[in-house]
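Hello,

Here is the structure we spoke about. My notes on it follow below; please read them with the model open.

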Amino acid sequence: MKIKVIHGPNLNMLGIREVNIYGPMKLEDINKNMEVVAKQNGFEIEFYQSNHEGDIVDAIQECLNEGVDGIIINPAALTHTSISIRDALRAVKLPAVEVHLSNIAAREEFRHKSMISDVVAGTITGFGPFSYHLGLLAMMQILNEIKMAKEAQKAGN
Ligand code: DQA
């Protein structure tokens with residue numbers, strides 16, 4: 001089964017950007033750690049980052065042609081504004097987990113609202129790079145449950 005991880009604007013600057021908030025770890029290292037855990041558990045994983053809203057919408061839509069089973073997404077600042085990312089997630093109907101490094105509920109008021117939190121399976125926020133690890137565990141659990149339900153259906157249970 002295949003998982004796609006989508007990172008929004010400015011997350012390519014992790015390690016340089018507001019280190020007091022987001023920490024010193026680079027995006028490529030976060031991705032590497034996720035890749036190790038996903039592979040250990042028998043999942044394929046791919047990564048995408050863009051600073052452009054429309055490209056992120058395209059990346060979500062393309063999941064349908066790429067055989068992706070689940071999406072882990074940190075839309076970054078677009079979390080708080082993007083109806084098109086919300087609509088794309090609804091359109092593809094794939095299970096999705098929302099991830100944030102910082103605790104968006106404990107920051108400025110404009111970050112309290114997420115446009116996607118009610119269209120994803122759940123949100124993990126505030127654990128730094130470990131949020132991605134927790135997001136991956138959540139997604140693998142969701143996909144394993146879907147797989148088991150399908151197998152049970154096939155077996156006529
Ligand atoms: C973020 C939180 C957003 O409010 C912010 O704009 C980001 C990163 C996070 O991971 O904590 O760029 O999504």
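**Ligand site**

The ligand sits in the largest pocket. Please keep in mind that this is a predicted model.

The residues around the ligand are Arg-17, Tyr-22, Asn-74, Ala-76, Ala-77, His-80, His-100, Leu-101, Ser-102, Ile-104, Arg-107 and Arg-111. By class, this shell consists of five nonpolar, four polar and three charged residues.

- Ser-102 has a polar side-chain atom 2.5 Å from a ligand oxygen.
- Asn-74 places a polar side-chain atom 2.8 Å from an oxygen atom of the ligand.
- For Arg-17, an N or O atom of the side chain is 2.9 Å from a ligand oxygen.

How much of the ligand does the protein bury? On its own the ligand exposes 320 Å², and 99% of that is buried by the protein.

**Confidence**

The mean pLDDT over the protein is 97, and 99% of the residues reach at least 70. Strand E3 (residues 70-74) has the highest confidence, at 99. The lowest is found in helix H1 (residues 19-22), where the mean is 94. Both of these elements include a residue of the ligand shell: Asn-74 belongs to the range given for E3, and Tyr-22 to that given for H1.

Regards

Note on methods
Residues are numbered from 1 along each chain as its sequence is written. This is a predicted model: local features need pLDDT of at least 70, side-chain atom pairs count only at pLDDT 80 or more; totals for chains, interfaces and linings use all residues. Side-chain values use heavy atoms; hydrogens and water are left out. pLDDT is the predictor's confidence in each residue, from 0 to 100. Helices (H or I, at least four residues) and strands (E, at least two) are DSSP runs, numbered from the N terminus. A residue is near a molecule or strand if one of its heavy atoms lies within 4 Å of it. A polar contact is a pair of N or O atoms within 3.5 Å; within protein, one must be able to donate a hydrogen and the other to accept it, and residues adjacent in sequence count only if both atoms are side-chain atoms. Accessible areas come from the Shrake-Rupley method with a 1.4 Å probe; for residues, only the protein chains shown count as cover. On a 1 Å grid over the protein atoms alone, a cavity is a set of points where a 1.4 Å probe fits but cannot get out, and a pocket is an open set with protein on both sides within 12 Å along at least five of seven lines; lining residues have an atom within 4 Å of a point. A molecule sits in a cavity or pocket if more than half of its atoms lie within 2 Å of its grid points. Ala, Val, Leu, Ile, Met, Phe, Trp, Tyr, Cys and Pro count as nonpolar, Asp, Glu, Lys and Arg as charged, and the others, Gly among them, as polar.
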